[in-house]
There are 2 protein chains.
Amino acid sequence: MPAPRTSAHDDRTERIMRTTVALAREVGYSNLGIEAVAAGAGVGKHTVYRRWSSKGALFLDSVLTLHASSLDYPDTGDVVADVKRQIYDAVDLLASDEVAPLFRALVAEAQRDDEVAAALVERFAAPQKAKTVARLAAARSAGQIAADADLELAMVTLSGPLYYLLLVTHEPVTHDVVDRIVDALFAGLTPRA
Amino acid sequence: MPAPRTSAHDDRTERIMRTTVALAREVGYSNLGIEAVAAGAGVGKHTVYRRWSSKGALFLDSVLTLHASSLDYPDTGDVVADVKRQIYDAVDLLASDEVAPLFRALVAEAQRDDEVAAALVERFAAPQKAKTVARLAAARSAGQIAADADLELAMVTLSGPLYYLLLVTHEPVTHDVVDRIVDALFAGLTPRA
């Protein structure tokens with residue numbers, strides 16, 4: 001996930017975020033209460049609300065900040081290998097026992113809180129899309145990707161399958177599955193002449 | 001969505017399901033209470049709990065039953081057109097103003113209730129996958145799809161992008177976007193010789 005765009009993290013802010021994530025793991029996101037977070041972090045409720053407008057906003061900031069990962073694409077010159085590597089990294093993070101429950105709760109909250117949904121796009125989906133398009137544009141310039149490939153959609157076709165597995169079918173996303181998905185997207189369904 | 005697999009729907013069952021969906025629309029899924037559903041349907045709480053083990057189970061059954069749609073693939077002989085047609089139908093249903101909030105709430109609940117997650121796969125994702133594989137297998141026999149195409153993954157690569165747009169970025173899924181996604185998946189990223 002991208003580096004936090006928030007301003008300086010003082011110790012108190014960090015403590016509130018760590019308490020939020022620890023409590024969410026312990027009691028589940030739906031049972032998480034701002035009061036309990038404040039008590040656990042040793043601050044007043046108003047201190048929490050001064051910085052975060054809602055429980056969803058606090059949770060999103062805490063998860064994305066504490067599990068920040070740039071998820072950059074390597075550029076070894078082999079675009080297929082580089083895309084696989086980046087998706088391994090994303091999957092190893094998002095599907096890990098540590099992060100998966102937090103990420104699922106975050107996406108769940110985004111279904112009912114439009115501010116959380118917008119922040120998830122701004123801090124996570126949009127930066128990832130920009131990196132994906134940049135890496136594929138370089139590959140296109142190198143002749144490794146079809147000249148008429150629809151790069152604007154590349155994030156959607158490359159990441160969509162993973163989110164479907166993570167959020168809908170809850171199937172394990174192994175590196176082997178990532179390989180098969182990426183190979184299928186590069187090869188296409190239409191028979192080669 | 002698939003036809004309901006539940007047993008005979010008597011009037012009371014139907015009334016409870018309609019009340020569930022109407023109340024969920026009105027107050028939001030998170031504020032939906034079994035007590036209010038029972039009162040609205042004119043039955044006792046125990047009547048609801050006798051049939052459904054949890055609020056999540058009641059909601060899932062209500063949404064999938066009342067908005068049942070078979071989402072079958074046509075077979076006109078043109079696999080690209082048929083796949084697009086089926087995805088238009090899915091999108092027109094799931095992204096509609098009427099159903100989208102219910103579907104989002106359902107996927108959100110599946111993130112924290114394993115029974116809801118399992119039922120969503122059994123009643124929705126698995127039957128859709130079987131239909132997708134069957135239609136593509138017919139196309140492969142007809143030489144319209146590469147002989148080595150990984151059909152087991154086809155549901156994931158074809159549907160994943162839509163769920164990503166619906167659940168993560170919340171972007172509108174127009175028929176034009178569907179066309180671009182399907183065309184990209186058939187063409188593949190690798191340049192044609």
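A salt bridge joins the side chains of Asp150(A) and Arg180(B), at 2.8 Å from N to O; the term asks for a side-chain nitrogen of Lys or Arg within 4 Å of a carboxyl oxygen of Asp or Glu. Between chain B and chain A the count comes to 2 salt bridges. The model is a predicted one, where local features need pLDDT of at least 70 and side-chain atom pairs count only at pLDDT 80 or more, while totals for chains, interfaces and linings use all residues. Side-chain values rest on heavy atoms, with hydrogens and water left out, residues are numbered from 1 along each chain as its sequence is written, and chains are lettered from A in the order in which they are written.

As for the rest of the interface, 42 residues from chain B and 42 residues from chain A take part in the contact (heavy atoms within 4.5 Å). About 4000 Å² is buried between the two chains, 68% of it from carbon and sulfur atoms; this is accessible area (1.4 Å probe) lost on putting the two parts together, summed over both. On the chain B side, Gln111(B), Tyr164(B) and Leu189(B) lose the most area to chain A, together 20% of what that side buries.

Within chain B, helix α1 (residues 11–27) packs on helix α2 (residues 34–41) at about 125°, their axes 9 Å apart. Helices here are DSSP runs (H or I, at least four residues), numbered from the N terminus, and axes are lines fitted to C-alpha atoms over the stretch in contact, with angles from 0 to 180 degrees between N-to-C directions. Residues of α1(B), including Ile16(B) and Leu23(B), meet a set in α2(B) that includes Val37(B) and Gly40(B).

How values were computed: Helix = DSSP H or I, 4+ residues; strand = E, 2+ residues; numbered from the N terminus.
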